Amino acid sequence: MSRPSRSRPPRTRAARIAVVVAAVSLIASGCSLFGGPGGSTADPTSSGSAASDGGASAGTASGGALPKIGTSGAALDGDPATLPAYAQYYSQKLDWKDCGDYHGADCATLTVPRVWNDPGQGDVSLALLKLPATGRSEGTLFMNPGGPGGSGVEFVGDGGAMTVGKDVRAKYDLVGFDPRGVAGSDGIRCLDDAQTDQYVSATFDLNTTQGLADGKEWLQRVADSCQQNSADLLPYMDTESAVRDLDVMRAAVGSEKLDYLGFSYGTYLGATYAELYPERTGRFVLDGALDPKITGDELSAGQAAGFEDAVHRFSQWCIDQGASTCPLKGDADQGVQQIRDFFASVDATPLGSGDQARPLTGAMARSGVLMAMYNDESWSFLARALTAGMNGDGSQLLYMNDLANDRDDSGHYKGNGLFSITAVNCLDHPAVEDEAWMRTESERLAEEYPTFGPSMGYSGLSCGIWPDGPVRKPGPIAAKGSGLIVVIGTTHDPATPYVWAQSLAEQLDNSTLITFDGDGHTAYGRSGGCVESAVEAYLVDGTPPPADLKCT
């Protein structure tokens, strides 16, 4: 693949979180129904009613019933840290060794039960990476970049030093981890690289008979490949099992309480930990919050609204830059329509990209544009990429698509986020599978959010075909008895709308909400100082942020 000749999206500290989280969250935290095909923005976890307010309320779908709920591999009686059957796991000491691939970092492996409620069923190995504190270490800060499916090892190894402030770096050893089934841990295997190239590029209209058939065929291929290669792990990748693993990590580093910084899906992982182990919840920061009580279809509707808002805000910003920079003309609404028209033209005729084997398809074009919505510092790059694309050169949007899907220059897809997202979400979230209901929902979303909404009503397809799930129903998390949990929401976050942060903060028994009035996904590291100062005072000194803090 030939890279675009112009500069790539920013990788400054202020942009680091959003770019890295975007790369995994675009395919992993509810932004793609298929992880590529169709260019849709749905989460594969949809169930229940879709609220037109962007997911502020919950309910039951009128067109389909919730599936029966299974039994989580993590569900058990008693605290495993106190039970003899789990002593071998909780007594582990980590053997940290130089990683080699990551300068200044140490790596280790941890063993946990594959089936938490039946530890005799074998073990799973988890990959961890540590950046030692630059000062005298006073503890360990565990970090999760999102997903599900994001590699915490890569996140901390590549950019942990840029993600947090210098005082946090001095106080804490930073530890990233790959959850069970993900990346460098015992990970699931599905399609190979060549097959994944086809999967990511495939474009079809789910609202047509043929398009729906093609989409179901691809989903079946993915499900079959994952089942063939990883059937022993697929049923046990739910978030509660991952939380049990996280508590073993806490014990392995010698911490009485878990200190934690989680982004996007990482907020759900963290909130679930606080619910299961409130007495072990230390200093917690949850940025870009998911709302655990909304249904999957409300999640999809919220993201449809969020990305529609984001693309309109990008359009206005772009037009304000002037014709020499922006390919869009007229007002913001007209600019967005030009983007939609561009997608339609690429659906019909893929663009040359500099790589004859990989022309830019409609799915890839949407993926590239969606990625830029995660970080407004990428908007200038997107403007250039759209200018090139609208002039027949798809190379820059192809590069952005590859960055979003974690594909390197050799054609290898790093990690397995395209598939672990489905494995986790189909266990965590019930999905409505009734095709008539999905068709009606798709029509509604297409009318209200026409840029990315048309395919988002078909969320139930993925989990309807997936071999395992679900194991939980949507419900609130209170975490009664926990330490203070800091929740952060961004007012124009396209992937985790602000109302979700508000809702999570209201649910939690001991929380405070920081509001960042801005664009893009997550706020810490991007707010210009206000969010950063409050978060770092809390992590370093335990100083609670001012009540109802608002940052602009």
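Which residue does a disulfide join to Cys 99? In this predicted model, where residues are numbered from 1 along each chain as its sequence is written, local features need pLDDT of at least 70, side-chain atom pairs count only at pLDDT 80 or more, and totals for chains, interfaces and linings use all residues. Side-chain values use heavy atoms, with hydrogens and water left out. The partner of Cys 99 is Cys 107, at an S to S distance of 2.0 Å; a disulfide here is a pair of cysteine sulfur atoms within 2.5 Å. The torsion about the S-S bond of Cys 99 and Cys 107 is about 105°, so this disulfide is right-handed. Burial is judged by relative accessible area: buried means under 20%, exposed over 50%, and partly exposed in between (1.4 Å probe, protein chains only). With 18%, Cys 99 is buried, whereas Cys 107, with 24%, is partly exposed.

The overall make-up of the chain comes next. The chain contains 18 helices and 10 strands; helices (H or I, at least four residues) and strands (E, at least two) are DSSP runs, numbered from the N terminus. Of its 552 residues, 63% count as buried. The accessible surface of the chain comes to about 18700 Å², and 46% of that belongs to carbon and sulfur atoms. Accessible areas come from the Shrake-Rupley method with a 1.4 Å probe, and for residues only the protein chains shown count as cover. A contact means heavy atoms within 4.5 Å. Among contacts in the chain between residues at least 6 apart in sequence, 77% join residues at least 24 apart.

How many disulfides does the structure hold? There are five, and when the bonded cysteines of the chain are numbered in sequence order, they pair as 1-2, 3-4, 5-6, 7-8 and 9-10. One of them links Cys 426 to Cys 463, with the sulfur atoms 2.0 Å apart. The link of Cys 426 and Cys 463 is left-handed, with -90° about the S-S bond. Cys 426 lies in helix 14 (residues 417-428) and Cys 463 in helix 16 (residues 460-465), so this pair ties together parts that are 37 residues apart in sequence. Both Cys 426 and Cys 463 are buried.

Another disulfide joins Cys 318 to Cys 326, again described by an S to S distance of 2.0 Å. The link of Cys 318 and Cys 326 is right-handed, with 115° about the S-S bond, and both of these cysteines are buried. Attention can now turn to helix 9. At 1.5 Å a residue, the 26 residues of helix 9 (residues 296-321) should span 38 Å, and its end C-alpha atoms are 37 Å apart, which agrees. The expected span is 1.5 Å times one less than the number of residues in the helix. Just after helix 9, Gly 322 takes a positive phi of about 105°.

The nonpolar side chains are described next. In soluble globular proteins, nonpolar side chains tend to be buried together. A nonpolar core is a set of buried Ala, Val, Leu, Ile, Met, Phe, Trp, Tyr and Cys residues joined through side-chain atoms within 4.5 Å. The largest such core has 83 residues, and those with the most contacts inside it are Leu 110, Phe 419 and Val 487. Helix 7 (residues 239-252) provides the largest share of this core, seven residues. A second, separate core of 34 residues includes Val 311, Ile 319, Leu 328 and Phe 343. Leaving aside residues up to four places away in sequence, Leu 110 touches residues including Leu 94, Val 124, Leu 126, Val 248 and Met 249.

Is Arg 407 buried or exposed? Arg 407 is buried, with a relative accessible area of 12%, and sits in the loop between helix 13 (395-404) and helix 14. The C-alpha atoms of Arg 407 and Thr 196 are separated by 9.8 Å, although these residues are 211 residues apart along the chain. The side chains of Arg 407 and Asp 197 are joined by a polar contact of 2.9 Å. A polar contact is a pair of N or O atoms within 3.5 Å; within protein, one must be able to donate a hydrogen and the other to accept it, and residues adjacent in sequence count only if both atoms are side-chain atoms. Asp 178, placed in strand 5 (residues 172-178), is buried, with a relative accessible area of 2%. The side chain of Asp 178 reaches the backbone nitrogen of Gly 152 at 3.1 Å.
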